[in-house]
Amino acid sequence: MSTRDLGGVVVAAALPYRTDDNAPAGLAVDYDAYAEHCRWLVGNGCRGVGPNGSLGEYSSLTDDERRRVARTAIEAVGKDGIVVVGVHGPGAHQAKQWAEAAAEDGADGVLCLPPTLYRANHGEVLAHFEAVASVGLPVMVYNNPFDTKVDLTPDLLAEVAQIDNVVAVKEFSGDVRRVLEIRERAPELAVISGADDVVVESLLMGATGWFAGFPNVFPAESARLFELATAGKLEEARALYEPLVAAFRWDSRTEFVQAIKLGMDMVGRYGGPCRPPRGPLTDAHREQVRADMGRALASLGVA
């Protein structure tokens, strides 16, 4: 698998903070803990990490923090895995600058949403990705119509796929019918499952990667699930997957960052708090995450 190929299990690595009254929202990024977490994920069978995604709370970071987070992941992983840096921005000029920084810092590729604060039209979406791709790194475009209000439909992706250096799409619509449709209309574009709770369905339909959330909690088991599904070992994959899906569904909910960090806390990793706008889970949500995680961990023999 070449580094132009951004498939496999790439974990959107959660970002740890430590208390610091002088830091934004009283929380400073713990870069040492983040580096250790990135190494742990790759050491447990995941192909790489994705810093500065939504799960990495990129929008809550200062520019200096965001650059350092990417550098930390790149240095921590080294040649043991790939690093796909989130370069999301309100406009093409910001996203391109983040892509240029990622290239300077040695990233293997970038993940890029359409314009994040503006419902871009067809031409604006193409111009946005053209600007980012002009930097020269492999680009995984990210379809998240819930957050951006822009839907990268299979028809639109067929055009996006013609842009040099665009190699993949992280598909987060939740509609598994799209996997085959994208492969039909843009056969040169790798389809990457973006939602944990449809990952096996997507892989069975031909997705070649998983840009993942809950593997922050159990990376080795997630890597095994990916191997089983891509090998077509459906019975074994289902047996592993079904008890995990209730937890995985949190990856598609508003509180997914908090839920995944709580899951990390439950297995003895450090998840910890989030910066605003994300607040703590409600008591009801916390109880439900614990119940869903408990089932998952029991099935894995962890609890």
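Ser 222 lies in helix α9, residues 219–230. Helices (H or I, at least four residues) and strands (E, at least two) are DSSP runs, numbered from the N terminus. The model is a predicted one: local features need pLDDT of at least 70, side-chain atom pairs count only at pLDDT 80 or more, and totals for chains, interfaces and linings use all residues. Residues are numbered from 1 along each chain as its sequence is written, and side-chain values use heavy atoms, with hydrogens and water left out.

Ser 222 is buried, at a relative accessible area of 1%. Buried means under 20% relative accessible area, exposed over 50%, and partly exposed in between (1.4 Å probe, protein chains only). A polar atom of the Ser 222 side chain lies 2.8 Å from the backbone oxygen of Phe 218. Beyond its neighbours within four places in sequence, Ser 222 is in contact with Val 9, Trp 210 and Pro 215. Contact means heavy atoms within 4.5 Å.

The protein as a whole has 13 helices and 10 strands. Its radius of gyration, taken over C-alpha atoms, is 18 Å, close to the 19 Å that the globule rule gives for 303 residues, so the protein is as compact as a globular protein of that length. The globule rule is 2.2 Å times the number of residues to the power 0.38. Along the principal axes, the C-alpha atoms fill a box of roughly 50 × 50 × 35 Å. Of the 303 residues, 58% count as buried. Among contacts between residues at least 6 apart in sequence, 70% join residues at least 24 apart. The protein exposes about 12,500 Å², and carbon and sulfur atoms supply 47% of this area. Accessible areas come from the Shrake-Rupley method with a 1.4 Å probe; for residues, only the protein chains shown count as cover.

Helix α12 is largely enclosed by the rest of the structure, because 9 of its 11 residues are buried. Among these buried residues are Phe 256, Ile 260, Lys 261 and Met 264. Their cover includes β2 (17–19), α1 (31–43) and α13. Gly 268 follows α12 and has a positive phi, near 90 degrees.

The loop between α12 (256–266) and α13 (283–299) holds Arg 269. Arg 269 counts as buried, at 19% relative accessibility. Its side chain is joined to that of Glu 36 by a polar contact of 2.8 Å. A polar contact is a pair of N or O atoms within 3.5 Å; within protein, one must be able to donate a hydrogen and the other to accept it, and residues adjacent in sequence count only if both atoms are side-chain atoms. Leaving aside neighbours within four places in sequence, Arg 269 is in contact with Glu 36, His 37, Trp 40 and Met 264. Pro 277 has its place in the loop between α12 and α13. A cis peptide bond joins Pro 276 and Pro 277, with omega about 15 degrees.

Most residues other than glycine have a negative phi, and most peptide bonds are trans. Ala 25 is not a glycine, yet has a positive phi of about 60 degrees. Ala 25 lies in the loop between β2 and β3 (27–29) and counts as exposed, at 57% relative accessibility. Asn 165 is not a glycine either, and its phi is positive at about 80 degrees. Asn 165 lies in the loop between α6 (154–160) and β8 (166–171). At 23% relative accessibility, Asn 165 counts as partly exposed.

Helix α2, residues 63–77, contains Glu 65. Glu 65 counts as buried, at 10% relative accessibility. Apart from neighbours within four places in sequence, Glu 65 is in contact with Pro 24, Val 29, Tyr 31, Ser 60 and Arg 275. Glu 65 and Gly 89 are 24 residues apart in sequence, and their C-alpha atoms are 15 Å apart in space.

Pro 51 lies in the loop between β4 (48–49) and α2. Pro 51 is buried, with a relative accessible area of 1%. Its contacts, neighbours within four places in sequence left aside, include Tyr 34, Val 69, Ala 73 and Val 83. Pro 51 and Val 83 are 32 residues apart along the chain, and 7.5 Å separates their C-alpha atoms.
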